[in-house]
Amino acid sequence: MAAGANVCTFSGNLAADVRMRTVGENDVAEFTIAVNGRKEGQTTWVQCSMWRPGKVVEYLNKGKPVLVSGEARLSTWTSKAGEMKAAIGLEVRQLVLLGGGKQAEKREEEFAF
């Protein structure tokens with residue numbers, strides 16, 4: 001059987017500031033991005049994790065537009081109310097800071113992990 005490819009790309013805005021944790025000797029940045037759909041109110045929330053993120057976390061603030069690419073994972077569970085729940089997760093391999101602001105330079109920055 002041939003190996004498959006699992007590469008997904010999303011662009012959206014950070015829903016909150018990045019959260020950092022340590023696993024063994026490695027830093028892991030965790031953040032969620034809101035990806036707007038074609039229709040108003042149609043938002044997909046993508047839970048992202050980025051191993052060994054380096055200094056890029058300094059730029060990951062709530063509302064910041066980003067483009068992320070990596071390996072997708074689907075998590076499912078049953079809530080306390082007995083409802084089936086699912087969430088899209090992404091192990092980020094590439095991150096591009098989009099947009100800017102009054103203080104930002106007019107360019108995009110790309111980080112690969």
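**Exercise 1.** Which side chain meets Arg-73 in a salt bridge at 2.9 Å, N to O?

*Solution.* Start with the source. This is a predicted model, in which local features need pLDDT of at least 70, side-chain atom pairs count only at pLDDT 80 or more, and totals for chains, interfaces and linings use all residues. Residues are numbered from 1 along each chain as its sequence is written, and side-chain values use heavy atoms, with hydrogens and water left out.

Next, apply the criterion: a salt bridge is a side-chain nitrogen of Lys or Arg within 4 Å of a carboxyl oxygen of Asp or Glu. The partner is Glu-71.

Then check accessibility. Buried means under 20% relative accessible area, exposed over 50%, and partly exposed in between (1.4 Å probe, protein chains only). Arg-73 is partly exposed at 42%. Glu-71 is partly exposed at 26%.

**Exercise 2.** How many salt bridges does a search of the whole structure find? Describe the one between Arg-21 and Glu-30.

*Solution.* The search finds five. The side chains of Arg-21 and Glu-30 meet at 2.6 Å, N to O. Arg-21 is partly exposed, at 39% relative accessible area. Glu-30 is also partly exposed, at 21%.
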